[in-house]
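These are my notes from a first look at a structure that was new to me. I wrote down what I looked up, entry by entry.

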Amino acid sequence: MNVVSFPGRDLPHDWQRGEMNALLAACGESLDKGTVAGWEIGETERGDPQLYLLGPAPDHECVLCVSRLGRQYVLEDGEGRILCEHDAIGSLSDQVRHALRHKKAAIIARATVVWLAIKETIEERMEPILGEPMELLSHVAPQLVAVI
Amino acid sequence: MHATKTASKAAEARKEAGTWLKELRARAGLSQVELAEKLALKYYTFISQVENGFGRVPTEQIEAWGRALGQEPSSFARKLLSYYDPELHRLLFEVKE
């Protein structure tokens, strides 16, 4: 298991060190593999702490957002969909890990679809180009043989 | 292992969009909670995520956000696009034939 310790810096916005260590440990694997490129902390207008897990460059979009409202944690994706609500940091961390794995699988699936589309386009364009010389060769070859 | 802090042009533009949205909300006299209620969101945390520059207003919610903030939806969408996708905004609205 990867354990990502929270760097020793001040913890504004009411986050506790234990909470941050648990959450960053949950995304350790994704940080290693680049699904998560970084994180930021912030707070709501009411002072409720938020942790934003950011995706890869260049956009660094928010992949997941963890908020603590009173005793409850809320896990949302970057489009505001609620993925989990829990009052135990351990269970929430498990959900963070699960959501990040799901996110990685989705990225791989999207990349595969794009790769197949590119492959198909290249094949479609190359086929006529490759086809013509073969056709020409099939006409010329017997004549060349006859000459020889 | 270090968790890295990140900054990019796109992130800066999202921050600017967030600041603009926050100003519009303040002008409309709404709190984050009240805006979330108008948008039928269960929590107000996503409003904060967007205003802090870490999230975008989803395309399918732009009209509702605009109306909730007292804005005309198409000009609201155009302004948001200038932050979220400046190149597309330039091609659509700034490049002359």
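**Entry 1: chain A, order of elements.** I read the elements of chain A from the N terminus and got α-α-β-β-β-β-β-α. That is three helices and five strands. Helices (H or I, at least four residues) and strands (E, at least two) are DSSP runs, numbered from the N terminus. I noted that this is a predicted model, in which local features need pLDDT of at least 70, side-chain atom pairs count only at pLDDT 80 or more, and totals for chains, interfaces and linings use all residues. Residues are numbered from 1 along each chain as its sequence is written, while chains are lettered from A and ligands numbered from 1 in the order in which they are written.

**Entry 2: confidence.** I looked up pLDDT, the predictor's confidence in each residue, from 0 to 100. The mean for chain A is 80, and 75% of its residues reach 70 or more. For chain B the mean is 91, with 92% of its residues at 70 or more. I marked residues 1-9 of chain A, where pLDDT stays under 50. I also marked residues 1-6 of chain B, where pLDDT stays under 50.

Entry 3: I took a residue as buried if 20 or more other C-beta atoms lie within 10 Å of its own, exposed if 12 or fewer, and partly exposed in between, with C-beta atoms placed from the backbone. Of the 148 residues of chain A, 28% count as buried. Two residues are in contact if their C-beta atoms, placed from the backbone, lie within 7 Å. In chain A, residues 24 or more positions apart account for 34% of the contacts with a separation of 6 or more.

**Entry 4: helix H1 of chain A.** Which residues of H1 (residues 17-26) of chain A are buried? I listed A:Glu19, A:Met20, A:Leu23, A:Leu24 and A:Ala26. Seen down the axis of H1(A), these buried residues fall within an arc of 150 degrees, so they line one face of the helix. The arc is that of the directions from the helix axis to the C-beta atoms. On the other side of H1(A), I found A:Arg17 and A:Gly18 exposed.

**Entry 5: the largest nonpolar core.** A nonpolar core is a set of buried Ala, Val, Leu, Ile, Met, Phe, Trp, Tyr and Cys residues joined through C-beta atoms within 7 Å. The largest one has 43 residues, and A:Leu53, A:Val66 and A:Val96 touch the most other members. I followed A:Val66 beyond its neighbours within four places in sequence: its contacts include A:Leu23, A:Tyr73, A:Leu92 and A:Val96.

**Entry 6: chain B overall.** I counted six helices and zero strands in chain B. Its C-alpha atoms fill a box of roughly 45 × 40 × 20 Å, taken along the principal axes. Of its 97 residues, 33% count as buried. Residues 24 or more positions apart make up 50% of the contacts in chain B with a separation of 6 or more.

**Entry 7: helix H5 of chain B.** I checked the length of H5 (residues 73-84) of chain B. At 1.5 Å a residue its twelve residues should span 16 Å, and the end C-alpha atoms are 16 Å apart, which agrees. The expected span is 1.5 Å times one less than the number of residues. B:Phe76, B:Leu80 and B:Tyr83 are the buried residues of H5(B). Down the axis of H5(B) they fall within an arc of 50 degrees, so they line one face of the helix. They pack against H1 and helix H4 (62-68) of chain B. The face turned away from the buried side carries the exposed residues B:Ser74 and B:Ser75.

**Entry 8: B:Lys15.** I found B:Lys15 in helix H1 of chain B. B:Lys15 is partly exposed, with 16 other C-beta atoms within 10 Å. B:Lys15 and B:Tyr83 are 68 residues apart in sequence and 8.9 Å apart in space, C-alpha to C-alpha.

**Entry 9: where the chains meet.** I found 23 residues of chain B in contact with 29 residues of chain A. On the side of chain B that touches chain A, H3(B) gives the most, with four residues.
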